[in-house]
Structure formats: structure tokens, C-alpha cells
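Colleague: Before I plan around this model, could we go through its charged pairs together?

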Amino acid sequence: MPVPLEGTTANGLPRHRWFLPSAVIAELDPEAGGRRGRPRRTVRDWAVDLGAFFLAVLLAFAAGVSVEQSPHTSHQVMAMDVGLGALACLALWLRRRWPLGLAVAMLPLGLLSDSAGGASMIALFTVAVHRPFKYSAWIGAAQLAIIPLFYWIRPDHDIPYLVTVAVATLITTGVVGWGLFVRSKRQLMLSLRDRARRAETEAALRAEQAQRLAREAIAREMHDVLAHRLTLLSVHAGALEFRPDAPQEEIARAAGVIRESAHDALQDLREIIGVLRAGDSDDAGRPQPTLAALDALVAESREAGMKVVLDHRVSDASAVPASVGRTAYRIAQEGLTNARKHAPGAEVTVTVAGTPGDSLTVTVRNPEPPGAVPHVPGSGQGLIGLAERATLAGGRLEHGAGTDGGFRVHAWLPWPA
């Protein structure tokens with residue numbers, strides 16, 4: 001969950017929300033509503049409502065004075081006009097709860113009363129702000145249709161008819177346009193906040209995905225590095241367990257291999273931890289083994305008792321790019337580890353060939369094991385990791401059972417000129 005900025009709540013709202021409209025707060029924070037589900041008025045809402053009420057009263061007073069001074073208006077008509085205007089002004093306090101219903105009710109009031117004109121305009125503005133455009137368009141169209149009829153019934157004897165109709169139409173259109181502008185600003189603010197939320201969510205998902213990919217890469221690296229060492233430990237420890245009467249020279253040699261393998265495994269583990277801390281696998285820890293270290297890898301496997309035939313057809317291993325050489329080394333290492341676990345006693349053939357500008361191929365092949373193979377736990381993650389390594393290097397990896405009952409791992413890697 002994103003950490004709120006200083007001066008804001010967990011929803012991104014300012015802690016001092018008195019200057020925000022309650023409708024905006026209800027959209028941003030639905031839990032901020034009142035007991036009946038309606039947003040509670042903020043200080044800003046009270047100030048706006050009071051201002052709208054006093055403006056409507058002021059316009060009603062001015063219209064009432066104009067009606068009173070007209071010689072063509074009777075006392076009864078003037079009293080009805082003022083009474084309807086006062087009712088319209090008081091009804092404005094309901095504009096936030098029922099904006100559409102109030103605007104519809106204002107249509108006949110505005111037709112019958114000059115004093116209700118200001119309240120009718122404020123109700124129309126409220127619909128434009130709080131309701132979709134289709135509602136404000138219908139109410140505005142009805143208001144515009146009433147204007148010619150109103151001034152035909154109650155003409156202004158000082159101003160021509162067409163001028164009064166044009167001015168009233170302009171005012172009505174301006175009120176609707178102003179309300180739509182305020183609504184668009186609020187919707188823009190809400191859309192920007194939604195976009196910011198989506199951006200935060202996407203950033204968190206990207207960070208989580210990057211973390212997961214990093215963990216998978218670390219797991220593959222630990223498998224490739226440590227599986228070979230631990231297999232050597234297992235082989236020699238098993239030999240000591242099943243041959244306690246072996247000569248002292250063999251026991252000493254096996255103990256030395258166990259010590260060396262444990263030391264190398266510990267060094268590799270420290271290297272991986274160093275990569276995690278440094279964040280760059282190419283610059284942290286010991287140099288990564290490349291194709292030039294393949295001879296040492298085969299020699300180490302032979303010392304562990306494996307029968308390994310190395311067919312190295314690359315004349316200059318140092319000419320192979322470092323990234324390609326590392327991938328080839330890991331493929332050969334994983335192939336030898338799998339052969340040691342699943343085909344003990346079988347002769348393993350490692351073939352490396354290639355030329356610059358063409359490709360580099362690595363093949364690890366072993367026949368069917370000569371005897372029974374004890375069950376060795378494994379999940380196949382090593383081969384999956386090798387396939388991903390080869391794909392990232394621009395190549396491909398194939399593996400499967402051979403025609404002789406053995407197993408074959410073949411990798412093709414690009415070797416730029």
C-alpha cells in the first residue's frame with residue numbers, strides 16, 4: 001500500500017479537508033459519508049450555500065421591488081410573486097440532496113414568479129455541476145423554452161421584448177456552461193487521482209515482478225553453482241560411508257576433495273550473496289567461470305570418479321565472448337551434475353565446437369547407466385534454468401533421451417564475429 005504524503009491521509013486527501021466540496025470528498029473517500037450515506041457538508045459547502053442563498057434573496061428582493069413599481073401588477077399578484085420567490089429561496093437548502101427534483105420544481109415557479117428567477121438559475125447551476133450533461137441539457141432546454149413565454153406574459157415595458165429574451169437566454173446559457181466547467185474540473189481531478197492510483201499500483205506490480213524475477217535468477221544461479229559442488233560432496237561422503245575399510249590414502253584423498261568442494265561451495269555462496277548486496281552480477285564477487293575453465297571442471301569431475309571424455313574443438317577459448325562462455329560453462333556443469341546423479345558409472349562425453357561468426361555448440365551425452373540407479377530427488381529446475389540461459393543468450397537448448405537409452409543435452413549459442 002502506498003505511503004501517504006505528509007499532510008495527507010491514506011486516501012491521498014488533505015488532512016484539512018474543510019476547503020474541499022463534500023461531493024469530491026465522497027468520490028475520493030466513500031467512507032467519509034454521513035449516517036444516511038450522504039456526504040456531510042464541509043465548511044466550504046456551508047459558505048457556498050450561504051452565499052447562494054443570500055444571492056437568491058438579493059435577486060428576489062430586486063425583482064420584488066421591480067414588480068411593486070410596475071403599474072400593471074395588482075397587489076395579489078405581487079404578494080404571490082414574493083411568496084413564491086421566498087419559497088424558492090428556502091428550497092435552495094435542498095439543492096445538494098435533490099438537485100434534479102429541485103430544478104424541475106423551479107420551472108413552474110420561475111414561470112409564475114419574477115422573484116424566483118435567481119433561485120431557478122442557482123438550481124440549474126447545481127444540476128449542471130452534480131448531474132451528467134443529459135440532465136442539465138434537458139433542464140436548460142426547458143428553461144430556455146420558458147423564457148419567451150414568461151416575457152410574453154409579463155413583459156418589461158422599459159426594454160424591448162427581443163432584448164430581454166436574448167439577455168435571459170444568454171444568462172441561462174452562461175449558467176449552464178459555468179456549471180459544466182466546474183463539473184469538468186472536478187472530473188479531471190478525480191481522473192488524475194485515479195490515474196495516479198493506477199500508476200502506483202502498476203509500479204508496485206512492476207517492483208514485485210522484478211523482485212520475483214530476481215529471486216528466480218538467484219535460485220537458478222544457486223542451483224547451477226552449488227549443485228555441482230554438493231554432488232561431489234555426496235559422492236565422496238557416500239564412498240567413505242560404504243567403504244570404511246578403504247586405504248588411508250583413498251580416505252585422505254576423499255576427505256581432501258570433500259574439504260575442497262565444501263570450501264568452493266562456501267566461496268560460491270558468498271559470491272552469490274555479494275551479488276545480492278552489490279546488485280550487479282558482473283562486477284561483484286569472484287570472476288564468473290567461462291569456457292576457459294572447462295578443463296578444470298572436467299578434471300574435477302574425473303577426480304570425483306567420473307569417466308569424462310572432453311572433445312574440445314575450440315582452439316582459443318579466450319576468444320569466446322564472456323557471456324557466451326559463461327552460458328556454455330554452466331550448461332556443461334549442469335550436464336555433468338545430472339550425469340553424476342542419474343547415470344553413475346556411465347562414461348560422459350562433453351563436446352564443444354564452434355567458430356567466430358557462426359555459433360558455439362555444447363553437447364553433453366551419456367549412455368545408459370551400467371547398473372541400478374538409486375532414486376535421486378530432483379525437480380528438473382536445472383534444465384529449465386539452462387533453457388532460459390540459452391534463450392537469453394540468443395540461442396536454444398534441447399535435451400532428452402538418446403537412442404541408446406542414455407541422455408543428451410545439446411545447446412546452440414550465437415558466436416558473433
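Modeller: Let us begin with Asp-49, which counts as buried because its relative accessibility is 4%, where buried means under 20% relative accessible area, exposed over 50% and partly exposed in between, for a 1.4 Å probe and protein chains only. This is a predicted model, in which local features need pLDDT of at least 70 and side-chain atom pairs count only at pLDDT 80 or more, while totals for chains, interfaces and linings use all residues. Residues are numbered from 1 along each chain as its sequence is written, and side-chain values use heavy atoms, with hydrogens and water left out.

Colleague: How many residues apart in sequence are the parts that the pair Arg-96 and Asp-49 ties together?

Modeller: The Arg-96 side chain meets that of Asp-49 in a salt bridge. Arg-96 lies in the loop between helix 3 and helix 4, whereas Asp-49 is in helix 2, so the separation of the parts they tie together is 47 residues.

Colleague: Is Arg-313 buried or exposed?

Modeller: Arg-313 meets Asp-311 in a salt bridge of 2.8 Å, N to O. Because its relative accessibility is 55%, Arg-313 counts as exposed.

Methods: Salt bridge = Lys/Arg side-chain N within 4 Å of Asp/Glu carboxyl O. Helix = DSSP H or I, 4+ residues; strand = E, 2+ residues; numbered from the N terminus.
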